[in-house]
Amino acid sequence: MSALGELHRLRSSRSGAKPRDNKAAFVFLLPWFAGLVLITAGPIAASFVLGFTDYNLIQPPEFNGVDNWTRMVGDERLHGALAVTFKYVFISVPLQLAAALALAMLLDRGLRGLAFYRSAFYLPSLLGSSVAIAVLWRQIFGADGLINQALALIGVEGRGWISDPDTALGTLIVLNVWTFGAPMIIFLAGLRQIPVMYYEAAQVDGAGKWTQFRRITLPLLSPIIFFNLVLQIIHAFQSFTQAFVVSGGSGGPSDSTLFYTLYLYQRGFNNFDMGYASALAWLLLLIIAAFTAVNFWAAKRWVFYDD
């Protein structure tokens, strides 16, 4: 009876301590909840409401229904920005993932100083979206930049890569491909999880390197490829700093680097058309959500999960 009484006493004391523990937990979580409401959820809700208003940042917003959304149909600069952004995403993301996978497979062979190479290759991912790197990129691809100086050494006359509409977007694509460090690290971790016995069995059966890559590496690495693909598509759609700095905020030359986010910025903060910019922000959210949904739908046909 004494043991049962002691057990009952412990249960009572624990149940009595729960309300106090919950209050303490809520107190510690309060800053996070405040940040969620004031910094994230609140502005998101406000932008949704402003998307149905005419708001110039000075006068109070006026409700205009779906006028901002219907304006998008006839907005030629918006259509151009979408075309530039889609081209940027569809070209840079596959090239970036291919470069990341190739470097990961090279590092997976067990090079000396692996930690150094891993850090060195990862560094561009930390700096690639910074203003400093964008300024450096503008200098490298300028008319008197490093690229043209190198070409002059072999007798080739360069061009203004950034000032030429035919090549300006290409320089930003190269910049995005250069930031392959983050997906490379994830690929490297995935490659380390593939059992070596699969490759040994394939070698016994006479399979070459390409067959092993196509039949073993790609299927077993497909969940990692899918993960990187989704993340990098979202990241590419949100690219802003590179185009803003390289083009001086104009999206030029001839709107060849006018990313969707840069056009959204121009409408909101250059033209003080914040209602329309808010609607554009939600359209971007819908576009990213649609691409993500399509990726998840298509993943059923090519992503292999080893259960």
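Residues are termed buried under 20% relative accessible area, exposed over 50%, and partly exposed in between (1.4 Å probe, protein chains only). By this scale L36 is partly exposed, because its relative accessible area is 32%. The model is predicted, and local features need pLDDT of at least 70, side-chain atom pairs count only at pLDDT 80 or more, and totals for chains, interfaces and linings use all residues. Residues are numbered from 1 along each chain as its sequence is written, and side-chain values use heavy atoms, with hydrogens and water left out.

L36 is found in helix α1; helices are DSSP runs of H or I with at least four residues, numbered from the N terminus. A nonpolar surface patch is formed by F26, L29, W32, F33, L36, V37, L38 and I39, with about 860 Å² of accessible area together. Such a patch joins nonpolar side chains within 5 Å, from residues with over 30% relative accessible area and no salt bridge (a side-chain nitrogen of Lys or Arg within 4 Å of a carboxyl oxygen of Asp or Glu).

The largest pocket has a volume of about 450 Å³. A pocket is an open set of points on a 1 Å grid where a 1.4 Å probe fits, with protein on both sides within 12 Å along at least five of seven lines; lining residues have an atom within 4 Å of a point. The lining comprises 15 residues, with M105, D108, Y199, K209 and T217 nearest the centre of this pocket. Helix α10 gives the most to this lining of the largest pocket, with five residues.

The second largest pocket has a volume of about 310 Å³. Among its 13 lining residues, Q238, A281, W282, L284 and L285 are the closest to its centre.

Notes
Grid points are joined across faces, edges and corners, and a volume is the space filled by probe spheres set on the points. Helices (H or I, at least four residues) and strands (E, at least two) are DSSP runs, numbered from the N terminus. Patches are made of residues with over 30% relative accessible area and no salt bridge: like charges are joined within 9 Å, nonpolar side chains (Val, Leu, Ile, Met, Phe, Trp, Tyr) within 5 Å. Accessible areas come from the Shrake-Rupley method with a 1.4 Å probe; for residues, only the protein chains shown count as cover.
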